[in-house]
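Hi,

Here is the structure I promised to pass on.

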Amino acid sequence: MTDNSETPTVVTAHREIAAGAERIFELIADPARQPGWDGNDNLAEAPQGQRVRGTGDVFTMTLSNGGVRANRVVEFEEGRRIAWLPSEQGKEPPGHLWRWELEPLDAGRTRVTHTYDWSRLTDENRFARARATTEDRLRASLDRLAEAAEAAEAAGSD
């Protein structure tokens, strides 16, 4: 087992976004929209019609390297929180989790927290990629998400 004691295994970034929580959540909970704001440049596409509605939902995503991931939703509160465990199709999740939490500050402002938790990651082949997922990478996703949400807010559309 590789020693990860020097590297944090839970990475978090926060950002205030000038848009309502419901609008932001729609961008996160609809996998087909995620490649447009992914700050890791890791997501290529997702089929339409996979909007997440609750814990236990599974959505698929094609990665930029051509791989396909099944993402099992393990936390869900409409408009407030969503988290999933990615895995190769047909396999058990190796133990890393992506989480989004939204805290409405007022009608047009939301504090968004993005977390990557690889504290239970068991596949040592994924450790280098996990270590490379830094706060800066999470912040890049938050920045792109903010740009999309704020543009939609200004246009009055989803």
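Strands (E, at least two residues) and helices (H or I, at least four) are DSSP runs, numbered from the N terminus. This is a predicted model, where local features need pLDDT of at least 70 and side-chain atom pairs count only at pLDDT 80 or more, while totals for chains, interfaces and linings use all residues. Residues are numbered from 1 along each chain as its sequence is written, and side-chain values use heavy atoms, with hydrogens and water left out.

The largest pocket has a volume of about 560 Å³. (On a 1 Å grid over the protein atoms alone, a pocket is an open set of points where a 1.4 Å probe fits, with protein on both sides within 12 Å along at least five of seven lines; lining residues have an atom within 4 Å of a point.) It is lined by 27 residues, and Asn42, Leu43, Leu63, His96 and Trp98 are the closest to its centre. Strand S3 gives the largest share of the lining, three residues. By class, the lining has 12 nonpolar, 10 polar and five charged residues (Ala, Val, Leu, Ile, Met, Phe, Trp, Tyr, Cys and Pro count as nonpolar, Asp, Glu, Lys and Arg as charged, the others, Gly among them, as polar).

Then there's a helix pair. The axes of H1 (residues 21-29) and H3 (residues 135-155) come within 9 Å and cross at roughly 130° (axes are lines fitted to C-alpha atoms over the stretch in contact, with angles from 0 to 180 degrees between N-to-C directions). In H1, Arg23, Ile24, Leu27 and Ile28 meet Leu145, Ala148, Ala149, Ala152 and Glu153 of H3 (heavy atoms within 4.5 Å). That contact divides into seven nonpolar, no polar and two charged residues.

Cheers

Terms used: Grid points are joined across faces, edges and corners, and a volume is the space filled by probe spheres set on the points.
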